[in-house]
Amino acid sequence: MEKQSIYESYLKSTHRLGRIVSVITLVLLVGAPFVIGTLLGAQPDLGAVARAFLSVGLVWTVSSVVEFLVYTPMLGSGGSYLAFITGNLINMKIPCAMNAKELVGAKSGTAENEVISTLSIATSALVTIVILALGVVLLIPLQPILQSETLAPAFANVVPALFGAMAYKYYRKDPALAMIPLTVMIILFTLVPSLTSSTSFMIIPSGALAILLAWLKYRKEMKGAAGQ
Amino acid sequence: MTVLEQLNGGGVYLICGSIVAFIAVVCIIFMIRAWRAGKALGMDVTRMKRAVTASATFSVLPSVGILLGVIALSGSLGVPWPWLRLSVIGALHYETQVADAAAEQLGVSLGSGSMTAQAFPTIALLMSICIMWGMILSVLFNKKYLHKLQQGEKTGERKGGGFGDRAMTAMFIGMVSAYIGSYVGEFVSGNKKLFSFSGSWTPLVVVAAAALAMAVFTYFSEKKHMEWLDNFSIAGSMLIGMLAAVLIGR
């Protein structure tokens with residue numbers, strides 16, 4: 001019984017600490033662009049931020065809500081506060097914590113899982129921080145090369161490079177479904193070339209179409225499964 | 001002094017570095033607390049040690065992959081800002097896309113030459129705002145949500161399975177389609193002339209090169225059981241796509 005009360009007071013203080021550091025981190029991250037802006041002699045254009053938020057921001061807001069609902073139970077309280085502060089969830093923190101959990105055989109929702117996932121995520125975040133700090137120090141002398149004329153086309157094409165890689169990753173999960181929004185978007189952008197200056201806004205109809213198609217397919221499968 | 005030189009200046013390093021340092025301290029505090037709680041709860045110390053060692057080794061390769069992401073973004077946003085974003089909060093695909101969308105609103109593009117002192121703070125602010133929901137939801141609902149789950153059944157490990165996973169995949173399919181569609185439109189109906197085929201085809205080649213690289217990464221990681229390659233697949237494919245742009249030279 002004594003262990004139960006130790007655990008409960010640990011959880012209680014974890015929630016308090018987690019909330020405090022999350023709020024501080026939020027303030028720091030939102031404040032930083034204003035401080036850097038002061039150094040550069042320019043402040044953020046809030047109108048542009050609002051417009052861009054309405055297009056891309058909404059997509060990432062939905063994905064944040066899903067991530068919160070799915071990952072919080074897996075990671076426990078301490079682990080999830082830390083994970084949402086330190087990021088890189090799907091590509092590192094989640095598999096890392098799952099790996100640690102399996103290694104020691106901890107079950108979701110137990111005190112053991114709470115401790116192990118916090119240890120795992122804190123360790124993982126610290127390793128990233130150290131490796132990136134070392135990497136950045138090594139990058140400083142490479143600056144002239146990175147900013148050379150020869151490499152300029154590379155940096156001008158970061159976005160197509162990202163979407164090429166993501167296209168293979170996601171299209172192969174459901175190629176038949178992917179062909180429809182892709183074709184519609186190709187036709188639209190070809191016939192209305194002026195849309196290319198608002199590509200990020202076009203994510204909304206394109207994403208809505210893909211989600212609608214996925215929903216229709218899902219419902220059909222569920223009906224098929226129920227009918228059997 | 002160019003904007004990029006300013007973005008790589010000591011002041012920006014100091015701001016970003018202090019935030020990274022703050023979060024490192026937070027991680028250490030959480031770690032010490034969890035360790036002490038584990039001991040107080042009578043957990044086996046060797047098992048806790050194992051969890052820490054396994055997590056440290058597990059994180060090395062993905063972290064190198066993340067470092068490649070810093071390099072990919074450094075040409076347009078300087079080194080310190082991507083360093084902060086990727087060290088502590090973001091993920092490469094998120095940061096790149098949001099930065100690009102903000103740049104689009106401002107009429108600049110994420111290339112080395114076109115960043116302006118006016119554009120950067122706006123882009124940086126949007127990058128901060130779009131990803132803060134995980135933290136906000138944690139502050140508001142983490143306690144209640146976990147409490148509710150505890151009171152309910154303890155089995156529900158995979159909440160939001162079913163359609164949730166598919167909706168996420170579909171959302172990304174839609175997002176990718178919009179961008180690829182725009183590259184096709186840009187080339188086919190370039191310079192605002194329908195079917196002139198006079199636009200730039202470089203983005204299309206870059207998309208193809210990056211997708212091909214991703215296919216090769218996936219083949220080796222899935223068929224040849226080299227799962228560690230997954231850690232480099234996105235950043236590696238991006239760098240290969242970017243290399244294609246350098247080879248074309250425009």
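1. A word on terms first: a residue counts as buried when its relative accessible area is under 20%, as exposed when that area is over 50%, and as partly exposed in between. By that rule, 58% of the 250 residues of chain B are buried. Please keep in mind that this is a predicted model.

2. Chain B is helical in its assigned elements, with 10 helices and 0 strands. Read from the N terminus, its elements run α-α-α-α-α-α-α-α-α-α. Its C-alpha atoms fill a box of roughly 70 × 45 × 35 Å along the principal axes. Among contacts in chain B with a separation of 6 or more, 57% come from residues 24 or more positions apart.

3. How is chain B divided? There is a domain 1, covering 1-134, and a domain 2, covering 177-250. Their C-alpha centres are 25 Å apart. The contact between them draws on 11 residues from domain 1 of chain B and 9 residues from domain 2 of chain B.

4. Now to what this contact is made of. The two domains of chain B bury about 890 Å² between them, and 77% of that area is on carbon and sulfur atoms.

5. How many salt bridges and polar contacts join the two domains of chain B? The salt-bridge count between them is 0. For polar contacts, the count is 1 residue pair, with both residues at pLDDT 80 or more. On the domain 1 side, the elements giving two or more residues are helix H3 (45-77) and helix H5 (92-106) of chain B. H3(B) gives the most, with 7 residues. By class, this side of domain 1 of chain B has 6 nonpolar, 4 polar and 1 charged residues.

6. Salt bridges do turn up elsewhere. Side chains of opposite charge can pair when their charged atoms come close. Over all chains, the count comes to 5 salt bridges. One of interest is the pair of Arg47(B) and Glu112(A), at 2.9 Å from N to O. This pair crosses between chains, from helix H3 of chain B to helix H4 (residues 111-139) of chain A.

7. Within chain A, look at Asp174(A) and Lys217(A), a salt bridge whose closest N and O atoms are 2.9 Å apart. The pair links distant parts of the chain, 43 residues apart: Asp174(A) is in the loop between helix H7 (158-171) and helix H8 (175-191), whereas Lys217(A) is in helix H9 (residues 199-227). Are the two partners buried or exposed? Asp174(A) counts as buried because its relative accessibility is 15%, under the 20% limit. Lys217(A), at 34%, is partly exposed.

8. Back in chain B, Glu95(B) and Arg85(B) form a salt bridge, with 3.2 Å between the closest N and O atoms. Glu95(B) lies in helix H5 and Arg85(B) in helix H4 (residues 80-89) of chain B, so the pair ties together parts that are 10 residues apart in sequence. Both Glu95(B) and Arg85(B) are buried.

How values were computed:
Residues numbered from 1 in each chain as written. Chains lettered and ligands numbered in written order. Heavy atoms only, no water. Domains from an automatic or database assignment. Contact = heavy atoms within 4.5 Å. Buried area = accessible area lost by both parts, 1.4 Å probe. Salt bridge = Lys/Arg side-chain N within 4 Å of Asp/Glu carboxyl O. Polar contact = N/O pair within 3.5 Å; in protein donor to acceptor, adjacent residues only side chain to side chain. Helix = DSSP H or I, 4+ residues; strand = E, 2+ residues; numbered from the N terminus. Nonpolar A, V, L, I, M, F, W, Y, C, P; charged D, E, K, R; others polar. Buried < 20%, exposed > 50% of the residue type's maximum accessible area, 1.4 Å probe, protein only.
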